[in-house]
Each structure stands twice: as structure tokens, then as C-alpha cells.
Amino acid sequence: MSELTEQIIEALKDKSIPEKAAFFPKFFKAFPGGYGEGDQFLGVKVPDQRKIAKQFFKEISLEELAELVQNPFHEVRLTGLLALVYRYEKTKTEAGKKELVDFYLEHLDFINNWDLTDTSCHQILGEFYFKKEKNLFYELADSGHLWRQRIAMISSYHWIKKGEFSDALALAEKLKGHPHDLMHKAVGWMLREIGNQDFETEQEFLKKHYQTLPRTALRYAIEKFPENLRQDFLKGNL
């Protein structure tokens, strides 16, 4: 482990809060049988992780980022991913961005909880592939792997914010029958974001699919609907 990597980990440990370290395994379902089974926690708040990532992202190498992203402690991995996002946002060349995208894809096995996916995938993969073929995301959606499937869905957030909905809707349709509630929440969240941009587009999709959407996905999707319309969807009065 490099000196800089050790310095970053020590900076995180200095921000450790014992009560958070005790709480996070429950919050992130790190208990046996949970979706985060086996994960370890230092007990560091996200704002502190962001500050540390911003402090070091310009000077850290990809080899050192790999040491962070592969670390057994959740907060170390997240800090590494945050640093990667900051590096990506400051990178101007296509070749430089592609190098960081390749790094991200090579480390998918370590991006293994919802906060790790959600704070990195749309900023990196979503941005890079905005004007490119989206085959990668359909492959991830078909992978049968919860976190890769969530990455596929949440990456579309970038396209949605840019007013492009077609792939987000296609991924939502593909993933709406997923057995895990974390995917139901992801699908519903992205549908809601589409509605924030174009209410009619979301409503049209929901009218076609609401009867087969898991209840959690539907509730997320219609959260900001007028109350009478929200009740119509929930009660099936359409």
C-alpha cells in the first residue's frame, strides 16, 4: 500500500464515529443474508469522505485509487469512488475519460452497495455514454447481478437530466420485474426523474405498465403526482 493511500485511510479513521460504525452494518444490511453481507465499516459520514476525496483526487494515481476501491472498508471504497468522480469531472480529453471509465468497469466487483453505485455510475458511465451506443447497460441489466443491474438503471439518470428518456424507459421496462426491492426503488426513482422533466412521458409509461410494476416502484414513481391521480394509480382506477 502506498504512502498516500495510507494517509487517506488514516484521515478517514480520524473521522470515525463509533456509533456510526455500530449502526452502518444494520443500515447497509451487512449482516448474514443481507445484501451487504460481510462488509466492514469505519463509521465515517459522507460529507467527511467527500472532503477527503477532494483533498487528494488530483494527486492520486490509478494504482492508488485501486487500493482504495478494493479496500474491505466501505467508507474507503466510497472515498476512492468519490475521488474517481472528481477526477473524471476535471478530465477534458476523451482518452482520459475512457481510461477512467475502463478503470470503473474493471472494479465493478467492489462497487457493491447502493450508495457506492448511486454516487458514481451516472457521473462516470452515464456521462461518458450519453451520446454513444448503450449496449453496455443492457448487458449489465441482463447480468443477473444486483449491483450491476442497479448501475445500469441509475446510470440513466444522466441521460434523463439531459432530456433523453428512451434508454431509461427501456431499462425500466426490462428491470421492473426484478425480485429485489433495491431494484424496485431504482426503477421507480428513475421514472420519477423522467416525470420531473416530462410528466406526460412518465404518465404514458405508467399507464402501460403500472399493473405489473412492483408496489415499491410504483410508489416511488408517483410520489410527486397530484394526490387524486396518485390514488387512481394505486387503486387501479385508470
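Visitor: What percentage of the residues in the protein chain are buried?
Guide: Of the 238 residues, 53% are buried, where buried means under 20% relative accessible area with a 1.4 Å probe, protein chains only. Keep in mind that this is a predicted model, where local features need pLDDT of at least 70, side-chain atom pairs count only at pLDDT 80 or more, and totals for chains, interfaces and linings use all residues. Residues are numbered from 1 along each chain as its sequence is written, and side-chain values use heavy atoms, leaving out hydrogens and water.

Visitor: Okay, how many helices and strands are there?
Guide: The protein chain has 15 helices and zero strands. Those are DSSP runs, with helices being H or I of at least four residues and strands E of at least two.

Visitor: And what does the C-alpha trace span along its principal axes?
Guide: About 60 × 45 × 30 Å.

Visitor: Switching topic: where is Leu140?
Guide: Leu140 sits in helix α9, which covers residues 135–141.

Visitor: Why does Leu140 count as buried?
Guide: Because its relative accessibility is 7%.

Visitor: Which residues does Leu140 touch?
Guide: Leaving aside residues up to four places away in sequence, Leu140 touches Leu108, Arg148, Gln149, Ile151 and Ala152. A contact here means heavy atoms within 4.5 Å.

Key: Buried means under 20% relative accessible area, exposed over 50%, partly exposed in between (1.4 Å probe, protein chains only).
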